[in-house]
Amino acid sequence: MTHLPVDELRQRRLAELADLRRQGPKVIGWFYPGAPVELVRAAGATPVRLARGGYAAETRGLRWLRADACPFVLSTLGNFELDPLFRLVDAVLTVNTCDTMRRAGEAIAHEFDLPVFELYLPRTSEPLPHRVAEFERQLGRLADELAAFTSQTVTEERLRAEMAREAHTRGLVTELDALRGEDKPQVSETDVLDMLALAGLLEPEELDRTYRTYGPDRADAQAKPRLLLAGSIIAEQDRWLVEAIEERADIVADSFVPADTEAPAAATALESLAAYHFRRIPDITRRPNGRTVELLARRARERRAQAVLYKTLLYCDPWNFEVPRIRAALGLPLLHLDGNYSDENRGQVQTRVEAFLESLEK
Amino acid sequence: MVVPDLSFDGWAEKFASLPDELMAQHYYYRAQQARLGRVEPWSYYMFPPQTFALYGAKHLKRLSFDSSLAALRMWGFVQNETERLYRARQLGMKVVATMGDLGAVPVLVNAFPGCVPFYPDCTWWTPFVQESKVLFDAATRLGIGDATCYSRAALGAFAKHSYFPDPDLVVASTGASCDDYSGVEQLAAGIAAETLWVESPWRKGCATCGTGFAVEPGTREFLSAEYRRVVERLGRLTGHKPTDADLLAAIRKTNLVRSKTGRLRDYGYVQAALPALEMMVVEFGCLHYYADIDEWTNILDDLLRTCEQRVRNGERVAAEDALRVVWITPPADPLFLCHFEKRGARIVGTEYVINQALVPIAERGRPLDALAGSFLQASLIGSSRERADLAVTQARERGAEGAVISGILGGSHCAMESHLIAGRVKEALGLPVLQFDVPEPAREVNQQLGTRIDAFLEVLAGRRSQTGQTSRTRRTSPTGIP
């Protein structure tokens with residue numbers, strides 16, 4: 001288990017960001033993995049991940065979207081009124097991870113009058129040269145837009161440096177994740193999610209220092225049922241479920257940690273960045289999505305997972321639709337939990353989880 | 001004078017009076033059969049409505065129809081499509097399922113002799129027409145349950161292997177499209193023999209520009225490269241390599257359908273010469289021409305003649321003082337269109353998510369670029385604001401008094417854009433907007449929704465009486481039809 005002081009670091013970072021903005025540099029919010037934060041940094045802005053969730057925010061989001069919109073997107077809109085981190089950003093960067101995220105930018109721009117940078121990533125996943133080239137063109141366009149916003153040109157050298165920093169951050173996450181492969185895992189899903197949350201908040205060097213200081217040290221780990229956690233985004237305020245599970249089981253793999261950390265070598269930094277993000281998995285929303293399903297099956301096998309906990313958000317079609325397919329591909333018992341950020345059914349969910357874990361122990 | 005509509009029974013009576021010779025004039029796959037030197041009786045399609053009801057289309061009993069022979073011919077053709085696709089297979093044609101893009105890829109399929117395109121997407125109407133949840137249940141078993149767009153019926157149809165022939169090839173477009181149908185495509189790919197994925201690009205950073213959307217440079221060429229893959233794959237399927245002239249010929253045929261549809265839209269929505277239900281069928285004919293573009297073109301000509309005659313005779317299908325509304329997103333249950341008309345409204349404009357199938361395709365330049373250019377006018381690949389403006393433009397031109405947005409619970413684009421579109425219509429025109437979700441298949445409009453619709457129409461009537469306006473519909477349509 002790590003002892004990452006997430007709340008303390010968040011508070012400190014909020015103050016830093018507020019100071020930073022007063023000095024001039026822009027703060028740009030982003031949401032889903034796949035946002036090229038390297039470009040944001042190379043343009044002289046500070047990226048922060050906005051992935052808080054929360055029921056109060058979800059309810060607030062109903063002012064602008066229908067109740068059958070994705071709870072994450074609803075809460076994201078709501079958090080622009082409720083969450084101090086959201087209120088610190090000068091602009092947001094959206095990627096068409098799914099259709100709701102593609103449309104979220106328009107809603108944010110319309111309701112909060114914030115500049116929105118929209119990045120188009122082809123949804124077809126076969127890395128055909130013209131598709132990767134199109135994505136590279138879109139990244140170039142984004143670089144120009146960011147440069148116009150920050151008044152700082154994205155240079156080749158600067159982008160390469162930021163890509164290296166980001167690769168290091170991803171490396172830390174995967175390093176931590178790999179420790180879950182042991183028979184008695186020294187780290188938990190909570191640790192990994194904390195690390196991902198901090199990776200979206202801190203500067204890479206600060207994250208590195210934090211990791212080295214508070215890294216895994218659990219010596220008294222006990223073997224428990226081993227689970228793979230897959231599904232929709234787990235927002236920061238939706239972590240109670242993970243913590244409840246980990247009282248009785250070890251989550252040894254998930255669908256959140258990136259498969260690769262390093263961008264492939266290429267003639268230009270932008271080309272390399274395009275190649276990396278185009279092929280990035282896990283990403284269930286791309287078509288065809290067989291590589292992601294295979295990745296999850298491989299992770300389950302390599303980490304010796306005994307079952308799958310599949311957590312989806314209401315109306316999250318990309319993950320919801322895949323339940324039978326992933327169940328078949330992984331060949332493991334699977335518990336599907338579908339819900340929003342409401343805490344009204346927590347007791348019921350916990351009972352289902354306990355019953356599921358008991359069934360594994362039999 | 002208002003032309004009376006026709007009930008299911010009225011249609012049956014009318015059919016009984018039709019001479020056999022008339023029915024023998026109407027058959028499909030004319031060119032293919034001409035090559036064989038015969039006309040197979042199975043290719044006649046003017047059946048009595050009982051035939052369709054017997055084969056499951058029970059909802060026909062609840063709908064109201066246009067009474068013209070042209071419209072009944074159209075219904076026969078449309079209802080006959082499933083059989084037609086199986087007959088295509090029987091004739092040795094390649095059956096290509098095109099999914100997701102609603103209008104572009106069939107143009108390419110039609111450039112290949114002996115190929116017939118169809119959209120499994122259109123089975124979203126089937127549960128409503130059949131008043132059956134069989135296809136939804138089949139989709140649920142495969143992972144797509146309730147609270148999802150009704151397009152999930154397409155997955156059920158793939159699984160059932162009986163609503164259309166198993167396609168020789170599936171061309172699945174995805175990208176800037178709804179999550180629901182993208183998910184349907186992914187799961188259908190697990191059932192289909194082969195799926196070719198095609199990207200539908202996100203139209204970004206475009207400002208509304210006259211009657212079309214400005215498109216970011218490079219996007220058209222990117223999409224063109226996607227279409228080149230489709231052409232290559234169809235070439236391998238058929239052993240035919242089309243020239244640019246072949247592709248252009250297919251575009252011209254398509255444009256003919258689109259221009260006739262445009263004229264019918266003017267007749268229907270401006271002059272009230274056709275009811276909304278038939279107009280929806282006409283508009284959706286631009287997707288894949290109900291699997292026979294030549295015969296569909298003939299049917300459109302027949303409908304145009306009917307409309308011309310009605311206008312000449314001063315006939316309309318709705319009262320002069322009917323309340324004018326624009327309709328946004330097609331209703332999965334067609335009964336709603338009839339219901340609105342019965343309650344004193346008429347549809348004067350639509351945004352049925354198929355703008356890309358209605359706009360003309362350029363007949364100059366490289367054919368694939370031209371097709372890509374037309375697809376980039378698509379309803380759903382840009383912003384909600386752009387889509388709203390498609391409706392706003394029609395509403396403004398035709399003096400609409402209200403707007404209706406019919407949605408689907410759980411449909412990703414409905415959830416995200418309905419409020420934005422409603423807001424835009426209110427902001428631009430100050431019109432009342434009714435938003436509702438089409439409920440699951442049923443025999444009638446449920447009471448709660450009926451009350452909401454009545455209240456909405458009362459609001460429109462009240463506003464009209466305050467302003468003293470009755471008919472603000474332009475007498476001259478954009479295409480110049482008097």
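Student: How many residue pairs are in polar contact between chain B and chain A?

Tutor: The model is predicted, and 25 residue pairs are in polar contact between chain B and chain A, both residues at pLDDT 80 or more.

Student: Which elements of chain B give two or more residues to the side that touches chain A?

Tutor: They are β3 (169-175), α11 (179-189), β4 (195-200), α12 (219-238), α19 (384-397) and α20 (412-429) of chain B. The largest share comes from α20(B), with 9 residues.

Student: How do the residues on that side of chain B divide by type?

Tutor: There are 22 nonpolar, 22 polar and 10 charged residues.

Student: What makes E226(B) and R131(A) a salt bridge?

Tutor: The cut-off is 4 Å between a side-chain nitrogen of Lys or Arg and a carboxyl oxygen of Asp or Glu. The closest N and O atoms of E226(B) and R131(A) are 2.9 Å apart. The pair therefore meets the rule. Across the interface, the rule finds 5 salt bridges.

Student: How many residues does each chain bring to the contact, and what area is buried?

Tutor: Chain B gives 54 residues and chain A gives 43. The buried area is about 3900 Å², and carbon and sulfur atoms give 55% of that.

Student: Why are β8 and β10 of chain B said to stand at the edges?

Tutor: The sheet is open, with 4 strands in the order β8-β7-β9-β10 and parallel pairing. β8 (345-351) and β10 (433-437) each have a single partner strand, so one side of each is left without a neighbour in the sheet. Neighbouring strands there are turned by 25° against each other on average, direction ignored.

Student: How do you know that β9 and β10 of chain B pair?

Tutor: Pairing needs at least two bridges. Strand β9 (residues 402-407) and β10(B) share 5 bridges, in the parallel sense. They therefore count as paired. Within them, V404(B) stands opposite L434(B).

Student: What is the strand order in the open sheet of chain A, and which strands are at its edges?

Tutor: The order is β6-β5-β7-β8, 4 strands with parallel pairing. β6 (250-254) and β8 (334-339) are the edge strands, each pairing on one side only.

Student: What makes β5 and β6 of chain A a pair?

Tutor: The threshold is at least two bridges. Here 4 bridges join β5 (residues 226-231) to β6(A), and the strands run parallel. The pair therefore qualifies. L227(A) stands opposite I251(A) in β6(A).

Student: Which helix lies across β5 and β6 of chain A?

Tutor: That is α12 (residues 290-302) of chain A, running at about 165° to β5(A).

Conventions. Residues are numbered from 1 along each chain as its sequence is written. Chains are lettered from A and ligands numbered from 1 in the order in which they are written. This is a predicted model: local features need pLDDT of at least 70, side-chain atom pairs count only at pLDDT 80 or more; totals for chains, interfaces and linings use all residues. Side-chain values use heavy atoms; hydrogens and water are left out. Contact means heavy atoms within 4.5 Å. Buried area is the accessible area (1.4 Å probe) that two parts lose on being put together, summed over both. A polar contact is a pair of N or O atoms within 3.5 Å; within protein, one must be able to donate a hydrogen and the other to accept it, and residues adjacent in sequence count only if both atoms are side-chain atoms. Ala, Val, Leu, Ile, Met, Phe, Trp, Tyr, Cys and Pro count as nonpolar, Asp, Glu, Lys and Arg as charged, and the others, Gly among them, as polar. Axes are lines fitted to C-alpha atoms, for helices over the stretch in contact, and angles run from 0 to 180 degrees between N-to-C directions.
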